[in-house]
Amino acid sequence: PDGIPNEFLRFGGEPLHAALAALFQLMWLWEVWPSQFRDLELFPLFKGGSPAARQQVERYRGLALTDVLGKLAERLILYRVVPHSEARGMISDVQGAFRRGRGTEEQSLVFHELLAAAYEGMGRAPVFVVALDVKRAYDSCRRSLLLLALWHRGIRGRLWRLIGKWL
């Protein structure tokens with residue numbers, strides 16, 4: 001939506017980085033989330049299947065391309081929320097999403113090790129695994145309840161209000 005390539009931010013140099021730091025500092029101080037940061041372009045992404053499946057709407061998922069500056073601002077919020085949550089034991093050790101150093105490969109290895117331990121510990125009995133894929137979970141989430149949950153977990157003040165404006 002903003003047409004800014006990620007490389008521009010990475011290699012823009014000190015003047016650009018200083019200007020972005022000033023922008024994000026003002027957003028923080030004034031508790032403002034620019035409406036442009038919510039703009040997105042939605043593209044249909046085919047999930048696979050037979051050629052006939054291309055005619056079925058449910059075989060597609062939306063791919064949202066959002067504003068690069070907005071993604072950067074979201075990352076700054078994430079860098080405040082995750083350490084707070086980890087320090088208070090609010091995130092399970094096995095959660096991998098949105099956590100540094102917890103990629104797909106590590107999650108696959110942990111899953112394999114848990115399965116192997118369960119299999120051996122149960123005398124080589126079958127091990128059953130249940131995977132839950134909640135479709136459109138975020139879309140159906142009541143934002144007011146999400147904010148209330150954050151409040152009860154100690155995320156308050158300016159950060160809490162800014163997250164509310166972001167949601």
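**Exercise 1. Which residues form a nonpolar patch on the surface, and how much accessible area do they have together?**

Before you start: this is a predicted model, so local features need pLDDT of at least 70 and side-chain atom pairs count only at pLDDT 80 or more, while totals for chains, interfaces and linings use all residues. Residues are numbered from 1 along each chain as its sequence is written, and side-chain values use heavy atoms, with hydrogens and water left out.

*Solution.*
- Step 1: patch members need over 30% relative accessible area and no salt bridge; like charges are joined within 9 Å, and nonpolar side chains (Val, Leu, Ile, Met, Phe, Trp, Tyr) within 5 Å. A salt bridge puts a side-chain nitrogen of Lys or Arg within 4 Å of a carboxyl oxygen of Asp or Glu. Areas come from the Shrake-Rupley method with a 1.4 Å probe, and for residues only the protein chains shown count as cover.
- Step 2: the patch is Leu26, Leu29, Trp30 and Val32, with about 390 Å² together.

**Exercise 2. Is glutamate 31 buried or exposed, and which side chain does its own side chain contact?**

*Solution.*
- Step 1: buried means under 20% relative accessible area, exposed over 50%, and partly exposed in between (1.4 Å probe, protein chains only).
- Step 2: glutamate 31 has 13%, so call it buried.
- Step 3: its side chain makes a polar contact with the side chain of arginine 161, at 2.7 Å. That term means a pair of N or O atoms within 3.5 Å; within protein, one must be able to donate a hydrogen and the other to accept it, and residues adjacent in sequence count only if both atoms are side-chain atoms.

**Exercise 3. How many aromatic pairs does a search of the whole structure find? Describe two.**

*Solution.*
- Step 1: rings of Phe, Tyr and Trp (its six-membered ring) pair if their centres lie within 6.5 Å; planes under 30 degrees apart are stacked, over 60 edge-to-face, and the rest tilted.
- Step 2: the search gives four pairs. One of them joins tryptophan 33 and phenylalanine 37: 5.8 Å between centres and 85 degrees between planes, hence edge-to-face.
- Step 3: tryptophan 33 and phenylalanine 37 are both buried.
- Step 4: phenylalanine 46 and tyrosine 60 sit 5.3 Å apart, centre to centre, with 50 degrees between planes, a tilted pair. Phenylalanine 46 is in strand E1 (residues 40-46) and tyrosine 60 in strand E2 (residues 60-66), so the pair ties together parts 14 residues apart in sequence. Strands (E, at least two residues) are DSSP runs, numbered from the N terminus.
- Step 5: phenylalanine 46 is buried at 19%, while tyrosine 60 is partly exposed at 27%.

Technical notes. Helix = DSSP H or I, 4+ residues; strand = E, 2+ residues; numbered from the N terminus.
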